[in-house]
Amino acid sequence: MPSTLLQKVWDAHTVRRLPNGQTQLFVGLHLVHEVTTPQAFDMLRARGWRVRFPERTVATVDHIVPTRDQRRPFGDVMAEDMLSALERNCREAGIRLFDLSSGSQGIVHVIGPELGLTQPGMTIACGDSHTSTHGAFGAVAFGIGTSQVRDVLASQCLAMEPLKVRRIRVTGRLPNGVFAKDVILEIIRRLGVQGGVGYAYEYAGEVVDRMSMDERMTICNMSIEGGARAGYVNPDSTTCDYLCGRKFAPSGDAFDRAATWWKSIASDPGASYDDEVTIDGASIRPTVTWGINPGQSLYVDERLPVASDVDPGSRVATEEALEFMGFRPGDRIAGTRVDVAFIGSCTNARLSDLREAARVVRGHHVAPHVKALVVPGSQGVRLAAEREGLDRVFVEAGFEWRGAGCSMCLAMNPDRLEGRQVCASSSNRNFKGRQGSPTGRTLLMSPAMVAAAALAGEVVDIRSFGEH
Ligand code: SF4
């Protein structure tokens with residue numbers, strides 16, 4: 001029987017079916033960080049349990065690290081305590097930790113792929129919602145909560161509900177000025193923030209086939225924002241080329257054998273899906289969120305919704321979002337003044353994202369009223385960008401060039417919005433208070449659009465921006 005990748009990987013990792021209908025899955029790689037693990041390690045300690053497979057567990061520090069001054073001890077006592085706890089837990093359990101002195105520290109979903117830890121056909125778990133990022137490699141990757149982190153530390157297994165698979169084919173070619181971020185925002189807008197509940201999303205079609213691994217990661221990263229439990233792309237030559245030579249990827253003959261197996265776990269032609277959706281890539285335009293969830297978005301040349309015009313089920317949410325954002329129904333989103341521009345996060349802080357943003361910024365200057373910052377996704381990305389001189393491009397344009405971390409994606413460090421500030425952001429969530437101020441407002445968009453907004457001081461259409 002032809003199978004999907006999800007089915008093949010699921011079957012290969014099934015330990016047993018549980019009486020409640022769940023599957024006990026073996027987890028090939030457990031990625032841990034400082035925020036969701038201290039209690040999990042404490043729970044283990046309280047029961048006298050040890051970490052079952054420390055060699056399958058890898059740690060980094062990302063959420064709470066300051067990005068301006070990373071000297072220890074951190075100014076924030078709680079952040080310092082969290083990092084100290086992670087260091088102690090990793091030391092005691094024999095877990096490899098990529099800390100600030102490692103040269104490989106960064107956002108957990110950036111360093112996993114970058115180091116070649118993330119590989120096709122794996123099951124991957126991490127205590128962060130955006131673990132779906134690793135699906136770009138044809139891994140089946142789940143974000144988990146603290147009690148599940150404990151379970152995986154103790155048993156290397158996870159009890160999971162079976163998932164349906166929706167294949168989302170993005171066909172044709174993307175127009176100029178349209179990026180992977182616009183594609184995933186389009187998918188979420190069309191299918192809804194709850195549309196993926198109970199599903200894994202399999203991304204396919206010519207647009208996805210042509211994408212780089214960085215772009216595929218951007219798409220898979222935001223699967224969770226569409227309600228999907230996981231998202232993946234079938235492994236192909238692009239996947240293998242990316243992994244070849246990475247530190248923890250197989251090498252020599254082992255790599256060739258692995259590559260053959262990786263390609264074999266792709267969904268078979270003729271595999272059946274629980275649902276299929278096709279989107280014409282040529283129809284997508286640069287997209288900006290206007291509301292308080294990632295599904296509340298529009299094309300940059302569209303007007304804000306009028307509550308009475310939207311379907312009755314969305315009316316209350318539309319009114320609430322417009323009120324929180326302080327937007328007038330029917331106004332254009334283009335021209336919205338921004339106070340902060342943030343290029344960062346596990347969605348869009350890889351080298352190709354920084355290159356694209358730098359291409360927009362080069363030779364221009366940030367608008368006087370805008371605070372603009374670039375936070376590379378990892379120390380590796382930062383170093384590679386500096387080798388290309390991208391840091392100078394950003395700094396000369398008036399951006400701040402920071403150390404690697406999650407930064408203003410979640411604002412668990414000193415990088416935060418203040419008051420009602422509006423932030424053009426390359427991150428993945430625009431929930432109320434997400435960027436550190438309860439009343440702060442987030443507009444999600446591609447890194448190129450964030451760069452253009454930083455220069456113009458307002459939301460602009462990247463397609464015509466260079467003509468001014
Ligand atoms: S960048 Fe944001 S979404 Fe990604 S791991 Fe950090 S806090 Fe989570």
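Modeller: Before we start, a pocket here is an open set of points on a 1 Å grid over the protein atoms alone, with protein on both sides within 12 Å along at least five of seven lines, and lining residues have an atom within 4 Å of a point. This is a predicted model, where local features need pLDDT of at least 70, side-chain atom pairs count only at pLDDT 80 or more, and totals for chains, interfaces and linings use all residues. Residues are numbered from 1 along each chain as its sequence is written, and side-chain values use heavy atoms, with hydrogens and water left out.

Biologist: Thanks! What volume does the largest pocket have?

Modeller: About 410 Å³, where a volume is the space filled by probe spheres set on the points, joined across faces, edges and corners.

Biologist: And which residues are closest to its centre?

Modeller: Of its 20 lining residues, those are Trp290, Gly295, Gln296, Ser314 and Thr318.

Biologist: Which elements each supply at least two residues of that lining?

Modeller: α6 (180–191), β14 (297–299) and α11 (315–325); helices (H or I, at least four residues) and strands (E, at least two) are DSSP runs, numbered from the N terminus.

Biologist: Switching over, what about the second largest pocket?

Modeller: Its volume is about 290 Å³. Arg359, Val360, Ile462, Phe465 and Gly466 lie nearest the centre, out of 13 lining residues. Two or more residues come from each of α12 (351–361) and α16 (462–465).

How values were computed. 1 Å grid on protein atoms, 1.4 Å probe; cavity = no way out; pocket = protein on both sides within 12 Å on 5 of 7 lines; lining within 4 Å.
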